[in-house]
Each structure stands twice: as C-alpha cells, then as structure tokens.
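Subject: Handing over the structure

Dear colleague,

I am passing on the structure we talked about, and below it I have written out what was found in it. Please keep it open beside you while you read.

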Amino acid sequence: GSSSSSSATASILGFGKPAAALSASTAPTTTATTTPPEPQLWTFLDLIDFCHQHTHFQTEWLDDTVAEKRSSVILHLQQFDPPQDIFNIDDINSCDPANLGLLYLALEPYVRKFDPTTLLNRFILATLYAATDGNRWAVNRGWLTETDECTWHGIDCVRKHIAEIKLPHNRLVGTLPESIYLLKKLMTLELPNNKIIGSLSPNIGQLSMLSTVFLNSNLIQGSLPTTIGSLQNLAVLNLQNNTFTGSIPVEIGNLNAEIMRELSCRVVVVR
C-alpha cells in the first residue's frame, strides 16, 4: 500500500503536520469545501487526496508564498518550449493535474538545487501522480520525496533523462496527462492492467524515441491518433483490451509489418 510512503513524504516536504485523512470517494464533486481539515497548512499529499473528490481548493490552505513560487517555476519550465496550454492555467486553485504539478515544485523545499532537466522530470511525474491518484497506487515507493526521481518505483533514466515508465498492475486510475509527452527521451511506456481512461493524445507522436508501448487492459477509448505512424523506433505496441473505435489510420501503415499484424488482432475496430 502507500500509507508508509505517504506519511514519509509528508514529513520530507515539510509543510507542517499531516492533515487528518480525507475520506475517499469514487464520485468527484464539482465544488470546493470552504473549511479545510486541521491543521490549516496542508501537505501536497493532502492536496492530492482532496482533489480526488473536488475540482478546486483554497490556496490559503497552503504556504502563503505558493503563488510567487509557482510563477517562478513556470518561468524555469518555459525554457523547454512546451505546448502553450500546459502552463496556461490561470486558476491557481484548480485541481487540474498540471496545476498540481506546478504546486508540487512550488512547495518542494529542495527545488532551488534542481537542474533544469530534474525540474522538468519532477513536474511531469508529479502530474502523472496527480492525474492517476498516486496516493492509492499499489506501490508508490520514493515518489514525490527528495530522493533522485530516477530511483522512484517504476522509473528509469539515461543520463538524467527519463527513459522508462513501468507501472503495470499498479492501480493507476485516471487520464494520462499531456505533460508526459514532453519526455523526448522516453523509450518505454508500460502501464498495462490499470484503469487509465480518456483517449490517446495525438501528442504521442512527439515521443520519437519510443520503442515499447504496453497500454493493454485499460479503459482507453476513442480513435487511434494518426501520429502513431511517425514513431519510427516503435517495435512493440500492445493496445488490446481497451475500447478504441474507428478504423486503423492509414498513417500507421508506416510502422513495421509485425506491429501492423499485432494491431489488427489487438485493437477493437468499429467500422
């Protein structure tokens, strides 16, 4: 479970004592509570728990310098020339995973020593954690602590760049955040047997080094993005046991013959 790692992370992040445990609910509401639990300053993990049930929170429940620090984080991340909409979040009270990723860095006491690549890595992984309810993963060892993110459970790096994300059978629930497509050196994405919802973003085509993808046995829907056809290094693509619709795009014919055979067997095609 994640109870031991969650409490450890709360103390490491150092935002005061951990708040009382928030009750879990599978049906998110659309309004923010006006009275936070005691104590008034929350840990980042408390914020993740709250956003599991709500769409907004109150910034005053956090460190009073969070807005200024968040703006500084955005300036540092802009050097990576990300898609405009990733940081275009005016509502600092939003439970949007990208906003939570920014707040994680704003509240992280070790952020000043991070090099730019580490800063980007941690933003992306924090958004993935927030978007897929990381507090309730089967294993979240090391995540969101001050330890090297390349040692976090399921993460492997090459020269500080994230090269592998492997979290199979790990109780991920939610959507894949757009920020994950900023990982230009990512070669392996293995997230099978979880409860990932939503559609597969066309931005997957930006991951030019991607060679292995296992997204089978999730709840992904919609059509296959044509940009998959631009992934010239792709050797393994397993998308079976999802609910894709539509025909296989002709652009995907650019992939090797073996992958095409696998796709024809493993993707649900509705004409």
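This is a predicted model: local features need pLDDT of at least 70, side-chain atom pairs count only at pLDDT 80 or more; totals for chains, interfaces and linings use all residues.

Of the 16 residues of H6, 15 are buried, so the helix is largely enclosed by the rest of the structure. A residue counts as buried when its relative accessible area is under 20%, and that cut-off returns several times below.

The chain as a whole

The chain has 271 residues, of which 48% are buried, and it contains 7 helices and 9 strands. Among the contacts between residues with a separation of 6 or more, 58% are made by residues 24 or more positions apart. The chain exposes about 12600 Å², and 52% of that area is supplied by carbon and sulfur atoms.

The largest nonpolar core

The largest nonpolar core holds 69 residues, and the members that touch the most other members are Phe57, Trp143 and Ile165. Two or more residues each come from helices H2 (44-51), H3 (66-77), H5 (97-107) and H6 (116-131), and also from strands S1 (155-158) and S2 (161-166). With 9 residues, H6 gives the most to this core.

Helix H6 and its ends

The length of H6 can be checked by a simple calculation: at 1.5 Å a residue, its 16 residues should span 22 Å, and the end C-alpha atoms are 23 Å apart, which agrees. At the start of the helix, a side-chain oxygen of Asp115 comes to within 3.1 Å of the backbone nitrogen of Thr117. Just after the helix, Asp133 takes a positive phi of about 60 degrees.

Although Arg122 and Leu144 are 22 residues apart in sequence, their C-alpha atoms are 7.9 Å apart in space.

Asn140 lies in the loop between H6 and S1, and it counts as buried at 3% relative accessibility. The side chain of Asn140 is joined to the side chain of Tyr129 by a polar contact of 3.4 Å.

Asn170 is found in the loop between S2 and strand S3 (173-175), and it is buried, with a relative accessible area of 3%. Its side chain reaches the backbone nitrogen of Val139 at 3.0 Å. If residues up to four places away in sequence are not counted, Asn170 touches Trp137, Ala138, Val139, His153, Asn193 and Asn194.

The disulfides

How many disulfides are there? The count comes to 2, and, when the bonded cysteines are counted along the chain, the pattern is 1-2, 3-4.

Cys51 lies in helix H2, whereas Cys95 lies in the loop between helix H4 (84-87) and H5, so the pair ties together parts that are 44 residues apart in sequence. The torsion about this S-S bond is about -70 degrees, so the disulfide of Cys51 and Cys95 is left-handed. Cys51 is buried, with a relative accessible area of 14%, and Cys95 counts as buried at 12% relative accessibility.

A disulfide also joins Cys150 to Cys157, with an S to S distance of 2.1 Å. The link of Cys150 and Cys157 is left-handed, with -90 degrees about the S-S bond. Cys150 is buried, with a relative accessible area of 17%, and Cys157 is buried, with a relative accessible area of 17%.

With best wishes

Terms used. Residues are numbered from 1 along each chain as its sequence is written. Side-chain values use heavy atoms; hydrogens and water are left out. A nonpolar core is a set of buried Ala, Val, Leu, Ile, Met, Phe, Trp, Tyr and Cys residues joined through side-chain atoms within 4.5 Å. Buried means under 20% relative accessible area, exposed over 50%, partly exposed in between (1.4 Å probe, protein chains only). Helices (H or I, at least four residues) and strands (E, at least two) are DSSP runs, numbered from the N terminus. The expected span of a helix is 1.5 Å times one less than its number of residues. A polar contact is a pair of N or O atoms within 3.5 Å; within protein, one must be able to donate a hydrogen and the other to accept it, and residues adjacent in sequence count only if both atoms are side-chain atoms. Contact means heavy atoms within 4.5 Å. Accessible areas come from the Shrake-Rupley method with a 1.4 Å probe; for residues, only the protein chains shown count as cover. A disulfide is a pair of cysteine sulfur atoms within 2.5 Å.
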